[in-house]
Amino acid sequence: MSDGKPRYQPYHSPAGGWGAAAATAKVLMRESVLVKGSKALLSMNQPGGFKCPSCAFPDPDCRQTLEFCENGAKALAHEATKFRVTREFFAQHSVTDLAGKSDYWLEKQGRLTEPMRYDAANDRYVPVSWDEAFATIGRHLRGLDSPHRAEFYTSGRTPNEAAFLYSIFVRAFGTNNFPDCSNMCHEPTSRGLPPAIGVGKGTVVMADFEHTEALFIIGQNTGTNAPRMMTNLVEAHRRGVPIVAVNPMPERALIRFTEPQDVVQMATLGSTPIASEFVHIRIGGDIALIKGMMKVLFEREDAGERVIDWNFIHAHTAGIDAVRDDAMATDWADLVRVSGLEEAQIRRCAEIYIRSNATMICYGMGLTQHQEGSRLIQQVCNLLLLRGNFGKPGAGIAPIRGHSNVQGDRTVGIDERPSPAYLDQVQAVFGFDPPREIGHHTVEAVEAMLAGDAKVFIGLGGNFVRAVPDTDRAYAAMRGLDLTVAISTKLNRGHVIHGKEALILPVVSRSERIETPAGEQFVTIEDAMSNVTASRGVLDPVSADCLPEVEIVCRMARATLPDSAIAWEAYAHDYAAIRDKIAEVYPAIYSDFSARIAAPEGFHLDVPPRRLVWPTPNGKANFLLFKGLDVNAPVDDPAMLRLATVRSHDQFNTTIYSNSDRYRGVYNDRMVVFMNPEDRQARGFADKGRIALETISADGIARRVGGLTVIDYPMSRGAIAGYYPELNPLLPLDYYDEVSGTPAAKSIPVRAVPDPA
Ligand SMILES: Nc1nc2c(c(=O)[nH]1)N[C@H]1C(S)=C(S)[C@@H](COP(=O)(O)OP(=O)(O)OC[C@H]3O[C@@H](n4cnc5c(=O)[nH]c(N)nc54)[C@H](O)[C@@H]3O)O[C@H]1N2
Ligand SMILES: Nc1nc2c(c(=O)[nH]1)N[C@H]1C(S)=C(S)[C@@H](COP(=O)(O)OP(=O)(O)OC[C@H]3O[C@@H](n4cnc5c(=O)[nH]c(N)nc54)[C@H](O)[C@@H]3O)O[C@H]1N2
Ligand SMILES: [Mo]
């Protein structure tokens with residue numbers, strides 16, 4: 001599967017279908033878990049079972065049979081794999097040896113089975129007892145001259161109970177340094193939306209797909225990254241709902257899809273066209289599309305039509321005038337140039353929007369990962385406000401979140417910029433005085449490491465060093481630390497690029513049972529549409545020496561804060577007691593948590609804009625002005641290309657399932673650059689030629705990745721794409737959205753140059 005020769009062969013079939021069914025079977029076999037994996041899949045997303053560990057898209061209906069997708073099955077197969085990383089494995093491989101292996105190879109080794117510590121004398125990880133591991137953490141943290149010298153990372157697979165206690169432990173320790181995977185992901189949603197609508201979350205629920213009259217999917221590769229949403233798109237298409245896909249890459253599943261759960265379609269080799277309008281946007285051109293659509297609405301109003309919902313505007317919003325004046329003052333020539341679209345197509349999109357009485361705009365990393373990502377999301381909101389697309393069925397803003405619990409982790413306190421009201425509440429409930437100063441987000445955490453200010457890094461899940469920008473500098477940053485702790489399921493780069501002392505702490509995974517002296521426990525997850533549901537693992541833990549994340553957090557807390565009055569030992573065993581505390585800290589949304597979570601379908605956390613209530617300072621939904629059309633700093637270099645770093649169909653973030661990307665027709669190679677043939681020819685490159693990419697930046701640091709094969713692909717002009725994380729060395733650490741701190745990973749200015757082998 002991944003060991004063959006590189007092959008590039010355009011994929012013309014629909015996405016999904018038998019290809020997806022075959023891929024599901026193949027991954028279960030490859031991980032040697034056909035029987036165990038298939039059995040576990042029967043419990044995935046079912047009442048009494050566990051939540052899919054892959055993406056954050058909700059389940060359609062908890063009574064449906066077999067609710068999983070190809071990529072959910074891959075995530076499960078890799079978690080339930082029969083392969084194991086044991087002490088013998090670590091004895092065989094020095095860390096220097098492991099550091100030379102690919103991400104794919106590291107992942108393939110299987111599940112971590114016991115705690116390990118780095119032994120510098122032998123350059124190897126050696127077994128360590130849990131007690132000694134926690135004592136090491138406590139010793140380092142207590143030894144710091146300031147709590148702000150430690151960085152506490154969270155990745156979004158961590159369940160609410162563990163994340164909540166972690167946020168309390170770290171605040172009791174004395175810092176708000178909570179770099180989080182969300183800082184690289186949907187933070188522009190979390191920071192951009194509150195000034196506009198008062199909450200940093202999406203406003204739609206699953207039922208809205210049944211009522212919507214127009215769907216926009218902007219900068220999101222649905223078929224790969226939220227495949228269960230394809231069911232909603234197929235159904236919407238069947239109802240005749242126009243679907244507008246906005247993307248510099250014509251992603252296969254957005255064009256044509258075969259529903260693997262549709263027996264007839266599978267049997268007849270049928271498929272469904274998805275996008276009724278494919279909008280081939282330039283990278284960063286979305287702002288021009290949105291402003292252009294708004295301009296059309298204002299123009300038509302001026303011409304005497306009623307296309308704006310004035311009742312809604314007057315009752316619920318503020319600030320429309322400035323937004324109107326700005327849109328009207330923007331020239332069509334500029335809108336066309338920046339978007340790369342024809343004016344006629346922008347007008348067509350506006351027409352679709354005008355004809356719909358309930359529009360949903362779904363978006364992903366193609367919108368958030370720009371230097372003005374947060375303010376770009378606010379423009380999406382402006383567009384929706386113009387026609388009152390909030391507080392009614394079928395309408396709203398739909399950020400398609402990444403990790404299965406990334407939204408939940410933020411809700412329960414993983415936040416480097418906590419509000420004073422929340423801190424007061426923590427103080428009242430837990431009786432300690434939490435730190436008030438703003439902590440570090442992900443980029444600031446790396447900066448603090450580089451500056452020598454940070455000494456300890458603790459990663460609750462994830463693969464920080466591989467996910468962050470500026471790989472070379474990130475490696476140096478990690479290596480300068482006194483202690484790195486990786487709380488993980490699988491081997492990854494973060495274990496082999498480590499501090500002077502290092503620990504690997506293996507956890508019980510989502511699909512596995514959690515037994516404590518108080519009995520079997522379950523955890524809870526909040527999906528991208530604010531539904532909170534229980535997740536109960538069904539498989540036996542891979543090893544008796546793995547601990548649940550909750551227990552790890554509690555024991556780190558006790559080792560660090562021996563005198564803490566918080567009942568860490570009790571929480572480690574009784575997760576209902578943790579939920580009671582969550583309810584106390586968040587009475588407005590989590591009251592009666594324990595009672596409400598007993599319902600098989602869980603419950604929905606209140607999102608006030610759904611009720612036309614706007615928790616903004618002025619109590620209104622606000623139109624927010626974005627001047628100009630640059631969502632990234634302009635670059636004065638005619639050879640410049642904008643690079644989007646994207647996911648293949650066969651990876652989960654830094655976890656590489658295979659080196660192939662079926663829907664984009666790439667096999668056994670990840671070192672590729674997708675380029676428009678005209679852009680390639682203009683540079684004199686041969687088709688499948690070897691090139692290097694070099695970042696254009698003013699900071700004097702040379703960033704280059706060579707050994708790349710350039711592939712002809714229908715990219716919009718000036719846009720190229722390649723894979724994350726291989727191309728992260730090209731992303732400068734300081735190239736991010738100021739509002740949210742999110743690195744602009746979809747718009748790296750680069751030059752392409754020949755790279756003779
Ligand atoms: N199987 C699988 N599922 C996943 C993940 C995974 O890695 N694998 N990751 C999870 C996570 S954490 C996240 S955040 C999500 C990510 O899911 P997505 O948001 O789909 O993420 P990406 O693959 O990074 O790219 C998104 C799309 O943005 C487009 N794009 C790039 N630049 C622009 C632009 O300027 N404008 C527009 N309109 N589009 C642009 C790209 O062509 C690509 O199709 O998926 C989650 N689900
Ligand atoms: N250039 C570029 N960079 C990007 C992005 C991009 O599009 N382009 N995307 C960004 C985005 S959206 C995100 S979300 C980040 C992702 O950043 P992270 O969330 O840090 O990375 P992952 O690859 O999801 O983490 C995978 C590791 O998590 C551990 N793990 C898996 N399951 C569990 C579990 O249940 N519990 C625990 N404790 N550990 C577990 C495993 O050891 C695995 O190796 O990357 C960001 N970086
Ligand atoms: Mo993400």
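Guide: Phe89 and Phe90 are both buried. Buried means under 20% relative accessible area, exposed means over 50%, and partly exposed lies in between, with a 1.4 Å probe and protein chains only. The model is predicted, so local features need pLDDT of at least 70 and side-chain atom pairs count only at pLDDT 80 or more, while totals for chains, interfaces and linings use all residues. Residues are numbered from 1 along each chain as its sequence is written, chains are lettered from A and ligands numbered from 1 in the order in which they are written, and side-chain values use heavy atoms, with hydrogens and water left out.

Now the rings. The whole structure holds 25 aromatic pairs. Phe89 and Phe90 make one of them, edge-to-face, with 5.4 Å centre to centre and 85° between the planes. The rule takes rings of Phe, Tyr and Trp (its six-membered ring) with centres within 6.5 Å; planes under 30 degrees apart are stacked, over 60 edge-to-face, and the rest tilted. Tyr586 and Tyr590 also pair edge-to-face, at 6.5 Å centre to centre and 65° between the planes. Tyr586 and Tyr590 are buried too. Phe89 and Phe90 also belong to a cluster: together with Trp105, Tyr118 and Tyr125, they form one aromatic cluster.

Some rings meet a charge. The charged end of Arg157 sits over the ring of Phe652, 5.4 Å from its centre. Arg536 has its charged end over the ring of Phe522, 4.5 Å from the centre. To count, NZ of Lys or CZ of Arg must be within 6 Å of the ring centre and within 35 degrees of the ring normal.

Next, a loop. Ser511 lies between strand 18 (501-506) and strand 19 (514-516). Strands (E, at least two residues) and helices (H or I, at least four) are DSSP runs, numbered from the N terminus. Ser511 counts as buried because its relative accessible area is 0%. Leaving out residues up to four places away in sequence, Ser511 touches Phe50, Leu76, Glu79, Gly537, Val538 and Leu539. A contact means heavy atoms within 4.5 Å.

Last, the cysteines. A disulfide is a covalent bond between the sulfur atoms of two cysteines. The rule asks for a pair of cysteine sulfur atoms within 2.5 Å. The count is 0 disulfides. Cys362 is in none; its nearest cysteine sulfur, in Cys55, is 13 Å away. Cys362 is buried, at 0% relative accessibility. The sulfur of Cys381 is too far for a bond because the closest cysteine sulfur, in Cys362, is 14 Å away. Cys381 is buried as well, with a relative accessible area of 0%.
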